[in-house]
Amino acid sequence: MNVTWFLVLSAFLFCIGATGVLVRRNPLVVLLSLELMLNAGNLALIAFSRMVGNGEGQIFALVVMVIAACEVVIGLGLIVAIYRRRLPIDVDGVSEMRG
Amino acid sequence: MSATTFGWLVLIFPLVGTVLCALLYRMPARQPLVGWIGSAAIGLSFAAGIGMFIKLLDRAPEQRHLISNAFNYANSAGINVKLGILVDPLSVFMVLVVTGVSFLIHIYSVAYMKSDLGYARFFAYLNYFVFSMLLLLLANNFVLLIVGWAFVGAASYLLISFWYRRASATYAGIKAFVMNVIGDVGLVIAAFLLFQHTGSLDYNGVFAHAAHASSNTGWLVAACLMILVGAFAKSAQVPLHTWLPDAMEGPTPVSALIHAATMVTAGVYLIARTHVLFLHAPAAADVSAILGTATLLIAATIALVQTDLKRVIAYSTMSQIGYMIVGVSVFAWSAGLFHLMTHAFFKALLFMAAGSVISAMGGEQNMDRMGGFRRAMPFTFITFTFGALALAGFFPFSGIFSKDAILGFEFDRGGLYAVLAVVGYLGSFLTAFYAFRMVFRTFFGEMAPEAESLSRGELAHGEHFNPATGEEEDTEVGFPGPDHQIAEREPAMKVAMAPLAFLAFAAGIVWIPGVTDWLEKFLEPTFADSSFATQHPSTSAEWIGIAVGAVLSIAGIGLAWFLYERRAGATLRLRDRFRPVHDFLFNKWYFDDLYDAVFVHPMRAFGGFGRRVIETDFVQGAIVGGAGRVVGAGTSIARSIQTGYLRAYAFLLLLGVGGLLLYFLIRSA
């Protein structure tokens, strides 16, 4: 099968994820969309790996998954912390980083 | 030991004394140990000076010119300056006068300064001053001379501003320092000129070369005039004299030592030392003689009307140094130096006695409030009168011999110099008058309350106030205030004053015309290169001069007696009658006001302009503030990106990644 199809699918998934990050305000959905973007990347890695014909790209994909898991842990932890402090579950609601 | 070894010892003792006194600064006041260490250092230096004198006398007169070099001080680019001393009759004579008078004044200070909190500091400064002065006198080249010259100026500044919480004292110190630096610059320029034209900075090299120059060569006259700038600034001669009266803000021993006996005579020494140059630049010597004569007259007239006791003596110092400057400028070197010596004795004595009176008055220096101290302080009265008689040129006190040696020589040279000598005699009449004006106003007349309480055995209770401005003072650094009641009670003061009183009376013995000529013979080898060294008026002419001087002196004293004793109050009527003259003299010929108007105020205005426009507007506003504003504008752009919204960050991130991707896409296409 041609690698192009995999890459198109990957690009689709990435764009959906990116749109989700930009337009949704619920941090849970933002995290979900982030995962979608990461997996789009993973898909592209595996597709290229198959095209080249060695397994190194697949190892990269596994590493990315581990990093994604860590990131989700931190993200969920932040969300719980926000919830505990009875703040609105809304990414626009926490803007103390403004310079 | 050779004479030069003694010369090095003369220098080393005060230096060691400076260091020891400075290290003992934690010694509590009222512990005279530091004072005795400082005095001992100068005493040893004086003893070494005597050793130098004896060793020099052992040699034949033409061999009394010894040089000793310790090491190379600077050696580059054709200049080879050695740290060396020159021992010849002139330097030995000066060293003996300086160390001898300094020793007595140190002893006086042990008592006078004992209640001052800056006791150790005072003696460290004083020893430092003596070291600098001796360096100046013993140097054998212009570089070391300038080093000593500048050190002396610094010591003078430190001692004038000794009571540094007193604003008028620090102001006076700054004034003296600025004036002295003008002189330093003059001397440095003179050294440059001499080096440019003779290729040497050694006295011997410069003088040997200058001796071949034709008379009044341009560069030589210029160098001599620059030397005169240095000499006049240090010796407080018109027009660089205004610092000396203000320098009386310093403690009285400082006035006695630095601003009467030693430092201010450095200019006289300098002209005598460089006499070879002046011999070949008689135009410069004439300028010096005329300005010296002007100074002696101007200062004497100002001294007639001042009411501050120490300032009267300060103007008298200016006037007497005028005589010395005239002496060395008309090539009567021995006579000028003779007057330097006798003046050092009687002027130091006058200041010490004045210090005794001032402390009896609890710090008050105004003669209007003094009077009747004759009974209360007999010792001070006698010593002050001795000093005043010597100053007035009363026969046979020392002053008349030295003064008339100068004036007699001037008459002998004739012409312009005879005119200057007549002015000199006028000055000596005024001198006799103002000297006894001080005596009559301080020691005679109605008793001041302080004198009355002193004669009952009580000491006046002074207040902490500034005698110049009347402000109340911060006493943290020590003042001769209420606790400072010495008033000739201390033996150390009497020990210091008695020998000077004797010398003020008898020092004339070293050169009585037709009887003795010890001083002239001793100094002759230094000046042997000129025919003026052996020229002097006939003995009968000198005695006529002395007789005229004696009559003028008696006339001046008599007039003072008439105006202040016989017709007490007559001077007030005179003052009201001649109000403009009095104001002119009381305001010191408006020299200070002139300098304020010409130099100080324009400078201050320029400084104010610089602070407002250059500093505030340009540096602070444009350069420093401009840089700040540029950075501020840049950061406000960066800050506007930091919205704090997570999604905005994500958007920018994506924009960036998208941009990068697009870039590589276009590159690869």
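**Chain B: reading the terms**

Guide: In this predicted model, α2(B) and α3(B) are roughly antiparallel to each other. Local features need pLDDT of at least 70, and side-chain atom pairs count only at pLDDT 80 or more. Residues are numbered from 1 along each chain as its sequence is written.

Visitor: Why are α2(B) and α3(B) called roughly antiparallel?

Guide: Helix α2 (residues 33-57) and helix α3 (residues 89-112) of chain B pack at about 155 degrees. Roughly antiparallel means over 145 degrees, on a scale from 0 to 180 between N-to-C directions. So the term applies to α2(B) and α3(B). Their axes are 9 Å apart.

Visitor: What makes β1 and β2 of chain B a pair?

Guide: Two strands pair if DSSP finds at least two bridges between them. Strand β1 (residues 66-76) and strand β2 (residues 79-87) of chain B have 9 bridges, in the antiparallel sense. One of the bridges joins B:Leu66 to B:Val87.

Visitor: Why is B:Phe331 called buried?

Guide: Buried means under 20% relative accessible area (1.4 Å probe, protein chains only). B:Phe331 has 4%, so B:Phe331 is buried. B:Phe331 lies in the loop between α14 (309-329) and α15 (333-360) of chain B. Its phi is near 70 degrees, a positive value in a residue other than glycine.

Visitor: Why does B:Asn216 count as partly exposed?

Guide: Partly exposed lies between buried and exposed, the latter being over 50%. B:Asn216 has 37% relative accessibility, so B:Asn216 is partly exposed. Phi of B:Asn216 is near 60 degrees, also positive.

How values were computed: Chains lettered and ligands numbered in written order. Heavy atoms only, no water. Helix = DSSP H or I, 4+ residues; strand = E, 2+ residues; numbered from the N terminus. Parallel < 35°, antiparallel > 145°, perpendicular 65-115°, else oblique.
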